[in-house]
Amino acid sequence: QLQLVESGGGLVQPGESLRLSCELSGITLNYYVIGWFRQAPGQEREGVASIGSAGGYINLADSVKGRFTVYNDNVKNTTYLRMDSLQFEDTAVYYCAIDTLPLYRTTWDDPGDYDYWGQGTQVAVSS
């Protein structure tokens with residue numbers, strides 16, 4: 001059974017860093033896309049980043065470009081979201097998800113395209 005488990009969230013001060021992990025198990029596909037999303041209270045879920053299983057097809061939301069990076073460790077079946085220079089506005093529950101049919105997509109940040117989701121991990125930026 002395909003499963004995603006996030007970890008690495010926490011409480012940090014502005015300007016600090018966190019690295020979120022998304023461990024994938026039960027995958028049998030040759031190619032897929034992992035997306036990172038976040039949802040703040042009272043707001044819609046928004047795409048943060050995506051990456052293909054081969055390490056390409058990297059997308060980042062404009063609000064995080066230059067601060068966040070996304071990468072895979074295929075040995076560990078884990079995708080990471082490195083978040084630097086965290087801001088108050090980054091406070092949210094962060095989710096990873098998998099798109100099992102990524103070919104011919106015209107967007108990367110539509111939550112409806114992702115089939116399985118992790119449970120989420122809380123990131124709070126506060127002084």
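## Hidden spaces and ring pairs

About 50 Å³ of space lies in the second largest cavity. Here a cavity is a set of points, on a 1 Å grid over the protein atoms alone, where a 1.4 Å probe fits but cannot get out, and its lining residues have an atom within 4 Å of a point. The grid points are joined across faces, edges and corners, and a volume is the space filled by probe spheres set on the points.

Before going on, please note that this is a predicted model, in which local features need pLDDT of at least 70, side-chain atom pairs count only at pLDDT 80 or more, and totals for chains, interfaces and linings use all residues. Residues are numbered from 1 along each chain as its sequence is written, and side-chain values use heavy atoms, with hydrogens and water left out.

A search of the whole structure finds two cavities of 30 Å³ or more. The table sets them side by side.

| Cavity | Volume | Lining by class |
|---|---|---|
| Largest | about 70 Å³ | five nonpolar, seven polar, no charged residues |

Now to the rings. The structure holds five aromatic pairs (rings of Phe, Tyr and Trp, using its six-membered ring, with centres within 6.5 Å; planes under 30 degrees apart are stacked, over 60 edge-to-face and the rest tilted). One of them joins Tyr95 and Trp117 edge-to-face, at 6.3 Å centre to centre and 80° between the planes. Tyr95 lies in strand 9 (residues 92-99) and Trp117 in strand 10 (residues 116-117), so this pair ties together parts 22 residues apart in sequence. Strands are DSSP runs of E with at least two residues, numbered from the N terminus.

Is Tyr95 buried or exposed? Tyr95 is buried, with a relative accessible area of 15%, whereas Trp117 is partly exposed at 27% (buried is under 20%, exposed over 50%, partly exposed in between, with a 1.4 Å probe and protein chains only).

Ring pairs also link Phe37, Tyr95, Tyr114 and Trp117 into a cluster. The charged end of Arg45 sits over the ring of Trp117, 4.7 Å from its centre, and Arg45 also lies over the face of Tyr95, at 4.0 Å from the ring centre. For this, CZ of Arg or NZ of Lys must be within 6 Å of the ring centre and within 35 degrees of the ring normal.

Methods. Helices (H or I, at least four residues) and strands (E, at least two) are DSSP runs, numbered from the N terminus. On a 1 Å grid over the protein atoms alone, a cavity is a set of points where a 1.4 Å probe fits but cannot get out, and a pocket is an open set with protein on both sides within 12 Å along at least five of seven lines; lining residues have an atom within 4 Å of a point. Ala, Val, Leu, Ile, Met, Phe, Trp, Tyr, Cys and Pro count as nonpolar, Asp, Glu, Lys and Arg as charged, and the others, Gly among them, as polar.
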